[in-house]
Amino acid sequence: RARVCVYVCVCVRARGQDLEMHHIIVNSWEGGVDTEQNVVLICIASVQDPGLAPEGKHVLHAYTPATEPYGLWEGLARGSPEYKALKEERSQVLWRAVERVIPDIRSRVEVELVGSPLTHERFNRRHRGSYGPAVIAGEGLLPGPTSPIPGLMCCGDTTFPGIGLPATAASGAIVANTLANVGSHIEMLERIGL
């Protein structure tokens with residue numbers, strides 16, 4: 001049973017809000033964190049780096065962490081009225097979570113993009129809209145950078161340390177450091193003037 005995510009990316013007017021970068025909204029502790037649409041993660045990266053958004057704006061990404069059943073989306077034609085209605089319906093949990101952080105968020109939105117498992121399938125070329133590997137905590141480990149093919153190293157969200165931009169970037173650094181030590185990296189950067 002594939003579990004995937006639904007997400008919303010928005011650009012909003014900031015109007016002097018004092019915001020934190022990361023928020024985790026748990027709708028009910030009764031169901032656990034892997035219950036469908038129970039947990040929403042929110043990242044407002046422009047809080048940390050204002051250059052990520054136009055002046056006076058914030059960019060925000062909210063998503064369900066791999067708790068969305070792919071079967072709801074399977075067989076739908078992107079762009080069809082049914083698909084659009086399902087995106088609207090399934091994104092409401094995200095909006096309600098973001099409203100707990102920014103109550104008037106909907107009136108501040110300038111750009112809104114809602115993504116579905118079909119979005120991941122199409123634009124990220126992910127099988128069944130997957131979001132990272134299906135490794136259950138305590139039951140398995142993510143693979144490291146080596147592969148059975150001599151000279152082929154692997155990095156990305158399906159290798160250690162896992163999903164998300166920081167972890168994926170770290171997997172690339174792990175491969176780079178496996179191929180050449182950090183001193184070699186520094187020497188090369190100095191040679192090119194960085």
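**Exercises on a predicted model**

Strand S4 (residues 39-43) and strand S5 (residues 57-63) form an antiparallel pair over three bridges; two strands count as paired if DSSP finds at least two bridges between them. This is a predicted model, in which local features need pLDDT of at least 70 and side-chain atom pairs count only at pLDDT 80 or more, while totals for chains, interfaces and linings use all residues. Residues are numbered from 1 along each chain as its sequence is written, and side-chain values use heavy atoms, with hydrogens and water left out.

**Exercise 1.** Determine which strands form the open sheet and which helix packs on the sheet.

*Solution.*
Step 1. Strands of a sheet pair through backbone hydrogen bonds, either parallel or antiparallel.
Step 2. The open sheet has five strands in the order S3-S4-S5-S2-S7, and their pairing is antiparallel.
Step 3. Strand S3 (22-26) and strand S7 (109-115) are the edge strands, since each pairs on one side only.
Step 4. On average, neighbouring strands of this sheet are turned by 15° against each other, direction ignored. Axes are lines fitted to C-alpha atoms, for helices over the stretch in contact, and angles run from 0 to 180 degrees between N-to-C directions.
Step 5. Within the sheet, Ile 42 stands opposite Ala 62 in S5.
Step 6. Helix H1 (residues 81-101) packs on the sheet and touches strand S2 (7-13), S3, S4, S5 and S7; contact means heavy atoms within 4.5 Å. The direction of H1 makes about 65° with that of S4.

**Exercise 2.** State how many helices and strands the chain contains, and in what order they run.

*Solution.*
Step 1. Helices (H or I, at least four residues) and strands (E, at least two) are DSSP runs, numbered from the N terminus.
Step 2. The chain has five helices and seven strands.
Step 3. From the N terminus on, the elements run β-β-β-β-β-β-α-α-β-α-α-α.

**Exercise 3.** Explain why the second largest pocket lies between domain 1 and domain 2.

*Solution.*
Step 1. Domain 1 covers 3-129 and domain 2 covers 140-193; these bounds come from an automatic or database domain assignment.
Step 2. The C-alpha centres of the two domains lie 29 Å apart.
Step 3. The second largest pocket lies between the domains because both give residues to its lining. On a 1 Å grid over the protein atoms alone, a pocket is an open set of points where a 1.4 Å probe fits, with protein on both sides within 12 Å along at least five of seven lines; lining residues have an atom within 4 Å of a point.
Step 4. Of the 28 lining residues, Cys 9, Cys 43, His 61, Tyr 63 and Tyr 131 are the closest to the pocket centre.

**Exercise 4.** Identify where Gln 37 lies.

*Solution.*
Step 1. Gln 37 lies in the loop between S3 and S4.
Step 2. Gln 37 has a positive phi of about 55°, although it is not a glycine.
Step 3. Most residues other than glycine have a negative phi.
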